[in-house]
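Trainee: Could you walk me through reading a structure like this one? I would like the general idea for each feature and then the case at hand.

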Amino acid sequence: MTVEYVLLLSLFVLGVMSVMIKGPQTAFRDYGPKLGARVEKQLITGDGFTREGKSHKWETE
């Protein structure tokens, strides 16, 4: 009976670990370029930044 519990626990732990390791990798691989594009656009245009809860427009010389 103990052997079955140990095997079930081992399979559960392996399943959870694989989800915890592969989940973030998949998210960054799939959505990393989109996030990078948003950051670059905000840096270029100066939009999307806030200071003390108020929107801040960047001034260019």
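Predicted model: local features only at pLDDT ≥ 70, side-chain atom pairs only at ≥ 80, totals over all residues.

Trainee: Which elements have the lowest and the highest mean pLDDT?

Mentor: Strand E2 (residues 54-55) has the lowest, at 64, while H1 has the highest, at 87. As for the overall layout, the protein chain has one helix and two strands, arranged along the sequence as α-β-β.

Trainee: Is H1 buried or in the open?

Mentor: The number of buried residues among the 44 of H1 is zero, so H1 lies largely in the open. Across the 61 residues of the protein chain, buried ones make up 2%. The accessible surface of the chain comes to about 6,100 Å², and carbon and sulfur atoms account for 65% of that.

Trainee: Which residues form the nonpolar patch on the surface?

Mentor: Start with the general idea: an α-helix has 3.6 residues a turn, so residues three or four places apart point the same way. Here the patch consists of Leu9, Phe12, Val13, Val16, Met17, Met20 and Ile21, with about 680 Å² of accessible area together. Met17 qualifies because its relative accessible area is 40% and patch members need over 30%.

Trainee: What about charged pairs: how many salt bridges does a search of the whole structure find?

Mentor: In general, side chains of opposite charge can pair when their charged atoms come close. The search finds one salt bridge, joining the side chains of Asp30 and Arg29 at 3.8 Å, N to O.

Trainee: How accessible are Asp30 and Arg29?

Mentor: Asp30 is partly exposed, with a relative accessible area of 44%, whereas Arg29 counts as exposed at 58%.

Notes. Residues numbered from 1 in each chain as written. Heavy atoms only, no water. Patch = residues over 30% accessible without salt bridge, like charges linked within 9 Å, V, L, I, M, F, W, Y side chains within 5 Å. Areas by Shrake-Rupley, 256 points an atom, 1.4 Å probe, with all protein chains shown as cover. Salt bridge = Lys/Arg side-chain N within 4 Å of Asp/Glu carboxyl O. Buried < 20%, exposed > 50% of the residue type's maximum accessible area, 1.4 Å probe, protein only. Helix = DSSP H or I, 4+ residues; strand = E, 2+ residues; numbered from the N terminus. pLDDT = per-residue confidence, 0-100.
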